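Please keep the sequence and the structure in view while reading.

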Amino acid sequence: MLPWRKLRRVGLHFCPNCDHFWTEESLWCQVCENMFRKQTLKSQTLECGPLKYLIDWPPHTRLGRTWSLYLRLLKYNRNPRAWEYLAHVFLAAASDHPEPDESTVFIPAPSHVLRDHAYYFAEALARHSGGQFAPSVFRLLDSNPQKEKNSRQRKERAFEQIRAVPAANTLIFVDDVVSTGSTSKAAHQCLGQPSNFQIWALAHRRLSCDAVRALI
Ligand SMILES: [Zn+2]
């Protein structure tokens, strides 16, 4: 068991950036939380629509290791309050962009469990922006993955829309981390390739050259 997990069992937590104890719901210590709040929103264009994200996660750097540890803490704690905090920070950073309204629909990335990080994040983004929350895309059980040529093809076939999506000016697909974009592409296809599709993610993880080559 990792040392920080042992410490967590007795109620002690470390900031993923500076190793000080933290007590904030953000999972940062107070000093690092003040720095984190200054993150600006970044944009990139993916095949299926524009991507907006808060954390630029480069590989093989100290900053990348900090983000890696932070995302692990978020996943390990499965803490809706932390995602509530992150939704606030994201929406504050997005204030210069066209604001979501009641005709904006937030769709969480599907997972193997009923509620996970993307679910909490999308739900909080919808609640605090006045938009609608619509968990409409679900993950199918892959009955015969060996027949697919690679993991990307498996992912593209792995989703199903089982609930109608409310009429919307903008559909926002919400995920915790976007790397290759294959999950959002699969969701876009599953929803019938709508033209008003966007992707919002906490982090964009850039892959190393080796990892990209392995995917091609
Ligand atoms: Zn800190």
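Six strands form an open sheet with mixed pairing, in the order β1-β2-β8-β7-β3-β4. Two strands count as paired if DSSP finds at least two bridges between them. Strands β1 and β4 are the edge strands, each pairing on one side only. Strands β3 and β7 run parallel and are joined by 5 bridges; in β7, isoleucine 172 is the bridge partner of phenylalanine 106.

This is a predicted model, in which local features need pLDDT of at least 70 and side-chain atom pairs count only at pLDDT 80 or more, while totals for chains, interfaces and linings use all residues. Residues are numbered from 1 along each chain as its sequence is written. Helices (H or I, at least four residues) and strands (E, at least two) are DSSP runs, numbered from the N terminus.

Two angles between elements are listed below.

| Pair | Angle |
|---|---|
| α4 (residues 80-93) and α5 (residues 117-129) | about 50 degrees |
| α7 (residues 182-190) and β7 | about 155 degrees |

Angles run from 0 to 180 degrees between N-to-C directions. Helix α7 packs on the sheet, where it touches β1, β2, β7 and β8.

The axes of α4 and α5 lie 8 Å apart. Residues are in contact if their C-beta atoms, placed from the backbone, lie within 7 Å. Among the contact residues are Trp83 and Phe90 of α4 and Tyr120 and Phe121 of α5.

How values were computed
Two residues are in contact if their C-beta atoms, placed from the backbone, lie within 7 Å.
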